[in-house]
Amino acid sequence: MPYIVKTIITALIAIFMQTSVINMATTTPAEAADDFLKALKAQDGKEMERYMDNAYVNFLCNAEGDEKMLGKMSDAIFDNFEYEIEIVKQKNKSAVAKVMIKSNDFSKVMDKYKKESYDYIMENLYEKEIGDKEALNAKCLELYVAEIEKAAESDKRIEREVFVPMTDNGYYGWNIIVTDEFMESVLGGLEVPEN
């Protein structure tokens, strides 16, 4: 009896291992692009971990400040964010997905934020809050989020083609090549503050 049980367990382990390898091998570039865009929209830090060296991903997942304010920012950025993977081409260890993205137009946010933050500092130059780094950071975040929300409330939407480059990671999966230019395009021209 113990021999039969051991044989059955061994067979089951072999089947589970083979199934896992087959499932890993079937990861396609289209699935990788879809997973990346879904994780970005959901701000899934665990999924986005491997892209944290990118300024945009790092800012969106690790920005510090009032949680409510950061939640408002995230909601506004991804409020009208939609994407559709149109075509994927693969050659050897490289692939690219052509994705149609629809979102709010955030291309003017940084210019408006810079003006608002400059005006705030000049108007309050002798106030105690200007010397308090934490209070000033909180106010700057508030001004930045306010500009993002204004852009999100606007009727102006943009639609654009974005090409998602990928490389085979050698472990039955694909890594997205994430650059600042790529992220700016994905996020409707949004620029992130340097500090």
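Let's start at Ala151, which is buried, with a relative accessible area of 13%; buried means under 20%, exposed over 50% and partly exposed in between, using a 1.4 Å probe and protein chains only. This is a predicted model, where local features need pLDDT of at least 70, side-chain atom pairs count only at pLDDT 80 or more, and totals for chains, interfaces and linings use all residues. Residues are numbered from 1 along each chain as its sequence is written, and side-chain values use heavy atoms, with hydrogens and water left out.

Ala151 sits in helix H8. Helices here are DSSP runs of H or I with at least four residues, numbered from the N terminus. Setting aside neighbours within four places in sequence, Ala151 touches Asn104, Asp105, Phe106 and Val109, a contact being heavy atoms within 4.5 Å. The C-alpha atoms of Ala151 and Phe106 are 6.0 Å apart, although 45 residues separate them along the chain.

Now for the pocket. Ala151 is one of the residues lining the second largest pocket, and others include Phe106, Val109, Lys112 and Glu147. A pocket is an open set of points on a 1 Å grid over the protein atoms alone, where a 1.4 Å probe fits, with protein on both sides within 12 Å along at least five of seven lines; lining residues have an atom within 4 Å of a point. Helix H8 gives the most to this lining, with three residues. By class, the lining has three nonpolar, two polar and six charged residues.

Lys112, in helix H6, is partly exposed at 47% relative accessible area. Its C-alpha atom is 9.7 Å from that of Ile148, 36 residues away along the chain.

Technical notes:
Helix = DSSP H or I, 4+ residues; strand = E, 2+ residues; numbered from the N terminus. Nonpolar A, V, L, I, M, F, W, Y, C, P; charged D, E, K, R; others polar.
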